[in-house]
Every structure is written in structure tokens, then in C-alpha cells.
Amino acid sequence: MARFKVHELRLRSKAELLNQLKELKTELAALRVAKVTGGASNKLSKIKVVRLAIAQVLTVITQTQRAELKKAFEGKKYQPLDLRAKKTRALRRALSKEDAAIKTVKQQKKDAYFPLRKYAVKA
């Protein structure tokens, strides 16, 4: 079976991709049997190509699934953990810019009573 172009795989439906995956896995099983029984060298070299094709199909399926889920959860308050931005633990727990900018009542009064002094500088 020839190698696939990923952009062609993206155009296929999920059912077609699953059928393709099933065919590739049966072909891989047949090639492994041929390897054990001492098959031709061209069959042995084909194992790598088939494994790569399986990986490509699985990758396309996963990426399309994630894209659909991201679209479904867009604008919602909560997202599944695997769809959230990874970042670092400290960054995820840090205050948002809005929360960090909020001043307490005491600080607001202090700023109102003691504004920053302005000095006129002689040129």
C-alpha cells in the first residue's frame, strides 16, 4: 500500500479513516507473519511504511477529534483538562491581570487622600 499524503487524509470522513486503519492493521499483521515465516526482504522493509501510515491515520483522527471538541467547548466557562493550555503549574495558579489589578478599599482611600505629588521643574 502506498504512503498517504496527510492533507488527503484530512479530507476523509471518520468512517473512511477507521476503515483505512483496519486495512492497515490487517496488512501489518500479515507482514509480521511473513517476517516470522521468513518472507521476502521487500515485505520486511514494508513493515516500517505501514506502521508510519497507521501513525498518520491515528494522528489525523486525534487532531480532528480535538478540533471538534475545542469548537464545542469554545466560550464555555470550563473546559476538559486535556483541552486547557498546559503552561506551568505556577502560571496556571497565578492571578489573572484583572484580579491582580484590584485594590482593597483601604488602598483606594490611601490613594485618594495622598495623591502622587506633582513638582514643577524650572528649565
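Q: Which helix is Arg92 found in?
A: We're working from a predicted model, where local features need pLDDT of at least 70, side-chain atom pairs count only at pLDDT 80 or more, and totals for chains, interfaces and linings use all residues. Residues are numbered from 1 along each chain as its sequence is written, and side-chain values use heavy atoms, leaving out hydrogens and water. Helices here are DSSP runs (H or I, at least four residues), numbered from the N terminus. Arg92 sits in the one spanning residues 89-93, helix α4.

Q: Is Glu27 buried or exposed?
A: Glu27 belongs to helix α2 (residues 14-36). Buried means under 20% relative accessible area, exposed over 50%, and partly exposed in between (1.4 Å probe, protein chains only). Glu27 comes in at 17%, so call Glu27 buried.

Q: Which residue meets Glu27 in a salt bridge?
A: Side chains of opposite charge can pair when their charged atoms come close. A salt bridge takes a side-chain nitrogen of Lys or Arg within 4 Å of a carboxyl oxygen of Asp or Glu. For Glu27, the N to O distance is 3.1 Å, and the partner is Lys46.

Q: How many residues apart in sequence are Glu27 and Lys46?
A: The two side chains meet in a salt bridge. Glu27 is in helix α2 and Lys46 in helix α3, so the pair ties together parts separated in sequence by 19 residues.

Q: How far apart are the closest N and O atoms of Lys103 and Asp111?
A: Lys103 is partly exposed at 46%, and Asp111 is partly exposed at 32%. They form a salt bridge, with the closest N and O atoms separated by 2.7 Å.

Methods
Helix = DSSP H or I, 4+ residues; strand = E, 2+ residues; numbered from the N terminus.
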